[in-house]
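Please look over the model below before reading my notes.

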Amino acid sequence: MKLSELADILPSAANAGGAEDVTGVTADSRAVVPGTIFVAVPGTKADGASFAGDAAARGAAAVVVGETAVVGDIGLPVLRVAEPRSALSHVAARLYAGQPETMVAVTGTSGKTSVAAFTRQIWEQQGLAAASIGTTGVVAPGRNDYGSLTTPDPVALHKLLAELTRSGVTHASMEASSHGLDQHRLDGVKLKAAGFTNLGRDHMDYHPTVEDYHRAKLRLFTELLPKGAPAVIFADDPFSQPTVEAARSAGLDVLTVGRSGEFLRLTRVEHERHRQRAEIVADGVIHEIDLSLAGDFQISNALVAAGLAIATGTPASNALKALENLKGAPGRLELIGTTKTGAPVYVDYAHKPEALENVLQAVRPFTTGRVVVVFGCGGDRDRGKRPIMGEIASRLADIVIVTDDNPRSEEPAAIRAAILETAPGATEIGDRREAIRLAVSNLKAGDTLVVAGKGHEEGQTIGSQTYPFSDHVEVRKALDEVAAKGEAA
Ligand SMILES: CC(=O)N[C@H]1[C@@H](OP(=O)(O)OP(=O)(O)OC[C@H]2O[C@@H](n3ccc(=O)[nH]c3=O)[C@H](O)[C@@H]2O)O[C@H](CO)[C@@H](O)[C@@H]1O[C@H](C)C(=O)N[C@@H](C)C(=O)N[C@H](CCC(=O)O)C(=O)O
Ligand SMILES: Nc1ncnc2c1ncn2[C@@H]1O[C@H](COP(=O)(O)OP(=O)(O)OP(=O)(O)O)[C@@H](O)[C@H]1O
Ligand SMILES: N[C@H](CCC[C@H](N)C(=O)O)C(=O)O
Ligand SMILES: [Mg+2]
């Protein structure tokens, strides 16, 4: 593609010269090869513009910078745009062309991974070639890649979307993180619909205020969805109303779901041990649905997913029927096993206050004994959530074991101490493996154990090293050990 063919995205490209072919785009000068457009974005640690010379030396076709960036004479077209990150996304979408015909995105503090996975599963059950993209990775026909970012950077994202499209995928659901929205990673994605789950405390290390955080999430509705497109909004959250208002003023077709929802109204829930029965009214018709998932919050996620599927063409009765076969996303209130006496052990990804609160409340109705929780807080992340999570754990669990969860560059004991400040009765065991062993070995009939914070993760990051570690594997081992001891005794 010629540079001038990108003139609608990069206005100054029209007369920049540069006859040679543009072969790619990147925001990292180290990834430049001859023919690449280098987009200099202002980062948290460095200003991309300071790498323009490096990009030129590696053969960049042109450099895209913000309006005020300072770039010396590098012998290349320097194209100025108002928002380099947005330009990066649009150029990536053009160069790595091809997107599944029906794409939806979901945002919210908690539930994104679950909703993205559920939406894919509903589509799959209709016989559609569907994919989901997010924290736990990419799942598509014949493909299950472990993930890293919740919303991939635009270059990786568009390469992926193009690949999925080539392999025949027509439907894709993706997570829109607040970082991703704030950094314009989704600006080049053509969305048919979007969903909102809830808003709680998160990423206070990145966003200055909760309002700023909410505003970043709202971009999905106010800037990315085309006018008239459906916005599926969970109705029972404190932030539902402001989200509905923002979506309405952006001219979207607002579809609310939940107990106070109008599009899908939840009228009754009966909790059973590892499943629940829900009554959902859609367009005046009552549907009785048996979900094989535990937790009220999973019903909320299932409703948002059903809303997205219906809004993009799946008949309501099919979408709701499909909820009966949903499988939870890996590490989201995932039942790993039970002790000999029947005490269930769950692995869950709750690593923020509202999530921990929800998961502990979710297991209470079917716990006749004690609720036991093992958790920690990540290092180099929001410090403010530590005492909040300590308080929640001691209020909602009967036994609290505070352990490590990716301490990263911080002193692990100091992280634990910040949690323990508000969880005075808790037991402190830094070694996560030991913490899990102790918790499992003390379980009695009627108890429920939740190992929270790492979910699907496969590593424990201590300092700058990531060691293989999986809650799933450790719980399994602990359950086997306890069973073996029981037999030996
Ligand atoms: C905090 C954050 O969001 N960082 C993102 C940000 O990086 P940054 O601002 O720190 O970049 P920087 O180091 O200051 O460098 C500025 C620019 O110079 C470039 N550079 C740098 C060095 C060089 O030699 N040449 C060069 O061109 C860098 O590639 C970058 O484009 O811009 C980069 C390029 O777009 C992103 O890749 C990077 O995401 C990193 C990988 C990251 O870890 N992000 C996490 C926090 C994240 O996005 N998480 C969310 C939310 C998860 C959740 O909800 O829990 C997610 O969607 O996963
Ligand atoms: N709708 C919900 N409301 C409250 N808590 C939820 C909800 N859905 C999930 N959770 C809790 O949050 C955890 C993470 O869920 P999920 O991975 O689906 O959310 P996410 O938004 O993708 O999170 P992340 O941003 O960390 O990837 C779950 O393990 C559970 O504890
Ligand atoms: N995407 C989140 C995941 C946090 C998971 C938790 N295990 C932790 O390490 O804090 C982050 O990197 O902040
Ligand atoms: Mg996620």
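The numbered points below start with the model itself and then go through the residue and the ligands.

1. This is a predicted model, in which local features need pLDDT of at least 70, side-chain atom pairs count only at pLDDT 80 or more, and totals for chains, interfaces and linings use all residues. Residues are numbered from 1 along each chain as its sequence is written, while chains are lettered from A and ligands numbered from 1 in the order in which they are written.

2. An unreviewed UniProt entry annotates Lys 217 as "modified residue: N6-carboxylysine". UniProt positions are given in the numbering used here, feature names are shortened, and annotations may be inferred rather than shown by experiment.

3. Lys 217 sits in helix α6, residues 210-224. Helices are DSSP runs (H or I, at least four residues), numbered from the N terminus.

4. Is Lys 217 buried or exposed? Lys 217 counts as buried because it has 25 C-beta neighbours inside 10 Å. The cut-offs are 20 or more other C-beta atoms within 10 Å for buried and 12 or fewer for exposed, with C-beta atoms placed from the backbone.

5. Ligand 2 is surrounded by 25 residues, the closest being Gly 111, Lys 112, Thr 113, Ser 114 and Ala 355. A residue is near a molecule if its C-beta atom, placed from the backbone, lies within 6 Å of it. Helix α10 (353-363) is one of those that supply at least two residues of this shell, and its four residues are the largest share.

6. Around ligand 3 are His 351, Gly 378, Arg 381, Asp 405, Asn 406, Gly 453, Lys 454 and Glu 457.
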